[in-house]
Amino acid sequence: MEQSACDHPALQGCADLDWSQIPGCPAGVPALLRGLLDEAVGPEALPVLENLLMNSVFHMSAVMPAALPFLIRLAAVPDIAVRPDLVGLLVVAAELSSSVDADDERRVLLLGKDSDHPEREWCRAAFAAHASGLRALLEDGTLPAGLISADDRECLLRALERQRCPS
């Protein structure tokens, strides 16, 4: 992998995190994130990274909140081969980070209680901290047509709107 990928602005601060201190997270996450920038390696690195970021179809791992800032910045890189998949992963994170109403038995059954999934709140905080980057991505006039569907755009905007509401 090219050394320039290690210095890519989208990954600024990635090497400074102690990834191994996050439950269930291997120290090699920076290598996977760097791999996303490589046209040949990206399509292979992405599923491995997705497996680390998701505990199941309905649950994010504790790694997702730490990875979100880098995923947001990587999704803004115009020539990244896995860009559509990164946008999709951001949409999944936005959807799964929303609070679950404790009175909604069906959603609690599917997604669990918020008290059992602190990663939701941590993801909401990550979206809030990097809202300007996500807004810039959504407002990017150079995005290829269809990269972000209207529904996905609305989901990401809702994630940003939730940040303006008091908890």
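How many disulfides (pairs of cysteine sulfur atoms within 2.5 Å) does a search of the whole structure find? The search finds 0.

This is a predicted model, in which local features need pLDDT of at least 70, side-chain atom pairs count only at pLDDT 80 or more, and totals for chains, interfaces and linings use all residues. Residues are numbered from 1 along each chain as its sequence is written, and side-chain values use heavy atoms, with hydrogens and water left out.

**Cysteines**

For Cys-25, the closest cysteine sulfur is that of Cys-14, and 9.7 Å is too far for a bond. Cys-155 is in no disulfide either; the nearest cysteine sulfur belongs to Cys-123, 12 Å away. Burial is judged by relative accessible area: buried means under 20%, exposed over 50%, and partly exposed in between (1.4 Å probe, protein chains only).

| Residue | Relative accessibility |
|---|---|
| Cys-25 | 8% |
| Cys-155 | 4% |
| Leu-96 | 13% |

Leu-96 sits in helix α5. Its C-alpha atom is 11 Å from that of Leu-110, which lies 14 residues apart from Leu-96 along the chain.

**Confidence**

pLDDT is the predictor's confidence in each residue, from 0 to 100. The protein averages 84, and 91% of the residues score at least 70. Helices (H or I, at least four residues) and strands (E, at least two) are DSSP runs, numbered from the N terminus.

**The core**

A nonpolar core is a set of buried Ala, Val, Leu, Ile, Met, Phe, Trp, Tyr and Cys residues joined through side-chain atoms within 4.5 Å. The largest one has 55 residues. Trp-19, Leu-33, Leu-36, Met-64 and Leu-71 have the most contacts inside it. Helix α4 gives the most to this core, with 9 residues. Leu-36 touches several residues beyond its neighbours within four places in sequence, including Gly-42, Leu-74 and Leu-86.

Which residues of α8 are buried? They are Ala-131, Leu-134, Leu-137 and Leu-138. Seen down the axis of α8, they fall within an arc of 125° (taken from the directions from the helix axis to the C-beta atoms), so they line one face of the helix. Ser-132 and Glu-139, on the other side of α8, are exposed.

How values were computed
Disulfide = S-S within 2.5 Å. Contact = heavy atoms within 4.5 Å.
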